[in-house]
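Me: I have a structure open on my screen and would like to walk through it with you. Could we take it one question at a time?

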Amino acid sequence: MNLLNSCGASAGAKIKRTGYDTTALLSQTLLSAQQGNSPDVLIVDNPVVSTLADAGVLASNDQDSIDASAVAPNLLAAGVLNGKTYGIPIGANTLALYYNKTILSAAGVDPSTIKSWADLTAALAKVKAAGKGGITLSAIGTEEGSFQFLPWFWGSGANLTNLASTQGVAALQLWTSWMKAGYVPNAAIQDTQTTSWAEFATGKYAFAENGTWQLANAEKAGFAYGIIPIPSMAGGVAPAPTGGEFVTIPLQKDTSRYPTTEKIVSCLTSADNAFNTDTTLGYIGVTAAVQQKQATNPQLPVWISAVAAAKGRTSDNLGTNYPKISQQLWTAVQNALTGAKSPTAAMSTAQSAAAAATGGK
Amino acid sequence: MSDTTGIQAHPSQRDGGGAAAAVPPPSARDRSRKPAASQLAAWAFLAPVTIYLLLFYAYPLYRSLDLSLRNYTVRSFVHGHAPFSGLKNYRIDIRDPTFTPALLHTLIFTLVSIAFQFVIGLGLAMFFVQHFKLSATLRALFLVPWLLPLIVSASTWSWMLNSDSGVVNSALHRFGFAPVNWLTAPKWALVSVIIANIWIGIPFNLVLMYSGLQAISPDIYEAAALDGANGWQRFWRVTFPLLRPVTAVTLLLGLVYTLKVFDIIWIMTRGGPAGASTTFATWSYQLSFGNLLPAFGPGAAVANMLIVMTLIFGFVYFRIQRKQLES
């Protein structure tokens, strides 16, 4: 990360970078905050921000002087808890459908006509009839599984505060019927997004639900591909969850450290640097300025519009209740896809467990 | 003598001052009296192991117990002052719908794994003790599962058992059987992780039983053969009784290792699908670290229940050992 060094140098500091994987990062951050040696700058996955803010680890943007006013509100929402904003996103990504052009044209499917669930199911049936695999996705029993299911859940019009609504059940019914019909490989139940991508990359599947970060791999896949937004139930673009990281400033006992930290953060998130970071990491910019620069790349406009329709997982002021609901959601998906429970029963079990865990919210 | 008292000086400089303080510091005055000096030397020799035990065993155990008895949120984890909540976390766990299945899975996983590991390990040990050509090479090959990093073997099993592209299903298909959703069907997930765990545990049993077999003098077999004992009788009347001490150690160590198995299950199934292969070990991790919002209290409570289960088995072992010594 040369950018880190140059930003550090311009702020008159030397930056030591320590990397962790997502779950380890959360426990590591909590531990270091407990021991009173939080890092000066913390870059974390967006759904973790509200947990850390709730833990009292992060400084809110009123306490420091991070200016997040240029950031699109739907992307900033993941960092908002009880009316206060914590940190600033450096880039966003989300989910869409990659498709294999060769398979679709052989099966006689025009991807531009896929606007609703019914269109997509019909396309999957055609692909299956042509002897190819349907769609790869990740329904694993972790946060990734919820992340992948949310576009369909939200695309039905359902809300996370009521998992057992008819819309929510309809979304789960859609996935379950695909699994029963053999449109989704059975391994989806244990696949991470990386392994489900590997299945798509074999060239045997027509669609893959995956993220912006796979763009570089798609170029290497060795077949012609295209991207369409995930359709909603009735038609139109479904809101997908936002991924991507926030730059945050953890609270420090020694407040004299903040001015330098703020210089580093504003350097990291300046339009030019953010553009470079986003391009390298496969992110979509979070400000109009960066997005305009990116729009010149022909692959990116579909992602820019997908990000514009996307929604933070912890938004709707769910905050730290989101993880509790999410756990029940991925469990319901697993129960239904394995046939252990019907979609209706799975969702109503999930809803009562989520209500109990969140105290009825 | 003055060197050994020097050891005492180090611990007090460490962070865990509370733990080190439990060892009585020697005072200069004691050294003048002869019996006290030897007492002192005894303490000094004990100090390293005592401090080690306190620092690396007693303190973490105390912390784990403390975590499980307080109502920790992420906020109180960072800033302290988590209110004491008695056994509430344990009640939360026991009332959790995951509890009964997780307990059952833990017991089934442990007992079935051990039974197969032990029988196969013993069988192979009997086989290799015959010293035929290549036996040393083959025995070394059997150690491979033990030498491989768990992440490698568990990932390999996970690929082999993949529903759609796994080599196991492809073999089943070739012989005309329907594919099995090894890792994604609730009724198969636990079976699959048990199979992988048995494979990993066999070398351990093989090595211990093999060394046990080697310790049995050939004279005894010769005497038994002269008395007209057939192969079956030689095994049950000679080999098995003489192997009993080694068997007890192997089984106990196996129990402790297997109860806490985490990596294999987590890598292969994440305890899923929908909790179908969740054991206490994976459930505890799931609660404490596998979620965006850690539940440290209930997670620590599950871990402590696991420790209690291990302790029970440990006491059973000591019981058996004492009985053996007496007889």
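Me: Which strands does α3(A) lie across, and at about what angle does α3(A) run to β1(A)?

Reply: Happy to start there, keeping in mind that this is a predicted model. The helix α3(A) lies across β1, β4 and β9 of chain A. Its direction relative to β1(A) is about 115°.

Me: In what order do those three strands sit in the open sheet of chain A, and how are they paired?

Reply: The edge strands are β1 (42-45) and β4 (88-89) of chain A, since each pairs on one side only. The open sheet has antiparallel pairing, and its order is β1-β9-β4.

Me: Which residue of β9(A) does A:Ile43 stand opposite?

Reply: The strands β1(A) and β9 (residues 245-248) of chain A run antiparallel and are joined by four bridges. Within β9(A), the residue opposite A:Ile43 is A:Val247.

Me: Chain A also has an open sheet of four strands; which of its strands stand at the edges?

Reply: The order in this sheet is β6-β7-β5-β8, with mixed pairing, and the twist averages 20° from one strand to the next. Two strands have a single partner strand each, so one side of each is left without a neighbour in the sheet. Those edge strands are β6 (133-136) and β8 (225-228) of chain A.

Me: What is the bridge partner of A:Asn100 in β8(A)?

Reply: Strand β5 (residues 95-100) of chain A runs antiparallel to β8(A), and four bridges join the two. For A:Asn100, the bridge partner in β8(A) is A:Tyr225.

Me: Zooming out, which element gives the largest share of the side of domain 1 of chain A that touches domain 2 of chain A?

Reply: The domain assignment of chain A gives domain 1 (2-92 + 242-309) and domain 2 (95-240 + 320-358), with 29 Å between their centres, taken over C-alpha atoms. Their contact takes 14 residues from domain 1 of chain A and 13 residues from domain 2 of chain A. On the domain 1 side, α3 and α14 (301-309) of chain A each supply at least two residues. The largest share, five residues, comes from α14(A).

Me: And which element gives the largest share of the side of chain A that touches chain B?

Reply: This contact takes 30 residues from chain A and 25 residues from chain B. On the chain A side, the elements that give two or more residues are α2 (22-34), α3 (46-54) and α15 (321-337). By class, that side has twelve nonpolar, 15 polar and three charged residues. Its largest share, six residues, comes from α15(A).

Me: Moving to chain B, how many residues of domain 2 are in contact with domain 1?

Reply: Chain B is divided into domain 1 (2-68) and domain 2 (96-326). On the domain 1 side, the contact has two nonpolar, two polar and no charged residues. Four residues of domain 1 of chain B take part, and from domain 2 of chain B the number is six.

Me: Why does α7(B) count as oblique to α14(B)?

Reply: Helix α7 (residues 99-128) and helix α14 (residues 231-259) of chain B have their axes 9 Å apart. The contact includes B:Phe109 and B:Ile114 of α7(B), and B:Leu251 and B:Leu255 of α14(B). The crossing of α7(B) past α14(B) is right-handed. Because the packing angle is about 140°, α7(B) is to α14(B) oblique.

Key:
Residues numbered from 1 in each chain as written. Chains lettered and ligands numbered in written order. Predicted model: local features only at pLDDT ≥ 70, side-chain atom pairs only at ≥ 80, totals over all residues. Domains from an automatic or database assignment. Contact = placed C-beta atoms within 7 Å. Nonpolar A, V, L, I, M, F, W, Y, C, P; charged D, E, K, R; others polar. Axes fitted to C-alpha atoms, helices over the stretch in contact; angles between N-to-C directions. Parallel < 35°, antiparallel > 145°, perpendicular 65-115°, else oblique. Left-handed = near helix turned anticlockwise from the far one by under 90°. Pairing = 2+ DSSP bridges.
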